[in-house]
Amino acid sequence: MGEKSVLLSSGHRMPLLGLGCWQSPIDVLKEVIVTALDLGYRHIDTAFQYKNEEGVGEGIKKWLKKTGKSRSDIFVVTKLPMIGMHASGIEKCLKMSLERLQLDYVDLYLIHSPVGLKNTDYANVYPVNEKGLPILDESTDHIAIWKEMERMVDKGLTKSIGLSNFNIRQMRKICANARIQPAVHQVEMHAQFQQFPMQEFCKSRNIVLTAYSPFASPGRPASYNAIAKRPVPNLLEDPVVALVAERHRVTTAQVLLRFFVQQDIVVIPKSANPQRIQTNGDVWNFTLSEVEMAALKSLDRGEDGRTFAILPGFEDHPECPW
Ligand code: NAP
């Protein structure tokens, strides 16, 4: 992995570029994971919530058998679902994920969201009421959950632990009470939503950031767009990004990814298309100049750039991060 990875506070290295798996179905992933690993990807990002860990597991197994490589060559991330955020849920969910992934451990286990949902059934990852709103578990206790996350490291079920979708106030509280500090924070981050305050906070705490939806998630479900506060930006056709891409003879997608990895921010673009998986992974042979970096930084729109604070009903939870 060499220069293409960052050192985590846990002492482990994390590849700066990984394959996002949200919305990729199990059968597709069985092949896509092999393709991505063949192309040099060594980091896979999935989640209990995505209902596709089985596909990731099959793909990894097939590739390891085919190449004779070892499990330790791959960095696998999965996440604690919102229905697992209670005392007995953490170990149960992680063990379910490991079984689906056919692995003994994951490299990084993240709390997917600061908001807990009432667990009615482990098969129902997003329980809703008769109005279609999420059934909130308002007793969500981040400190108690984090202690369980630490226990998962002690048990060897994960190498590192971290957070996703938390705000700085929530992170401060966890950090102040942690025996093992969060190693990673995974958040929405793209050219129009660069989260400068979060970048500064994470840097000061030695927490590595992972940028999810680095293209602003153009393939997200239409139902998300219907309730979004603002239209999802078309970053892949942004004129500034296009100009930079032209200068380097690369695609706009490659510029959007290089922009972050050049700042030691991990990116996890999702694709199920072999050609796009290949080009997205090829961001190591060009360097953006200071002027180009500044131009891309200027695309930031502050909080107006956030596109994922859209799930109705979340605002009633005491730990809603937005
Ligand atoms: P994204 O990576 O910004 O965009 C993915 C979309 O872009 C897909 O529709 C993909 O289509 C398309 N695409 C990929 N490469 C392209 C290229 N080179 N040119 C044109 N189109 C391209 O969105 P995302 O899936 O929301 O985010 C990435 C990953 O972050 C997820 O898969 C997931 O692992 C993670 N994530 C985490 C959270 C969280 O709450 N922690 C939330 C959202 C996402 P094709 O597949 O057809 O190429």
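Guide: Let us begin with Arg 249, which sits in the loop that joins α8 (239–248) to α9 (252–261); please keep in mind throughout that this is a predicted model.

Visitor: Why is Arg 249 called exposed?

Guide: The label exposed is given over 50% relative accessible area, and Arg 249 has a relative accessibility of 78%, so Arg 249 counts as exposed.

Visitor: Where does Gln 102 lie, and what is its phi?

Guide: Gln 102 is found in the loop between α3 (89–101) and β6 (106–111), and the phi of Gln 102 is near 55 degrees, again a positive value in a residue other than glycine.

Visitor: Why does Gln 102 count as partly exposed?

Guide: Buried means under 20% and exposed means over 50%, with partly exposed in between; Gln 102 has 38% relative accessibility, and therefore counts as partly exposed.

Visitor: How do you know that α5 and α6 are roughly parallel to each other?

Guide: The axes of α5 (residues 168–177) and α6 (residues 196–204) come within 11 Å and cross at roughly 10 degrees. Angles under 35 degrees count as roughly parallel, and α5 and α6 are therefore roughly parallel to each other.

Visitor: Which residues make the contact?

Guide: On α5 they are Ile 168, Met 171 and Arg 172, while α6 contributes Pro 197, Met 198, Phe 201 and Cys 202; six of the residues in this contact are nonpolar, none is polar and one is charged.

Key: Residues numbered from 1 in each chain as written. Predicted model: local features only at pLDDT ≥ 70, side-chain atom pairs only at ≥ 80, totals over all residues. Heavy atoms only, no water. Axes fitted to C-alpha atoms, helices over the stretch in contact; angles between N-to-C directions. Helix = DSSP H or I, 4+ residues; strand = E, 2+ residues; numbered from the N terminus. Parallel < 35°, antiparallel > 145°, perpendicular 65-115°, else oblique. Contact = heavy atoms within 4.5 Å. Nonpolar A, V, L, I, M, F, W, Y, C, P; charged D, E, K, R; others polar. Buried < 20%, exposed > 50% of the residue type's maximum accessible area, 1.4 Å probe, protein only.
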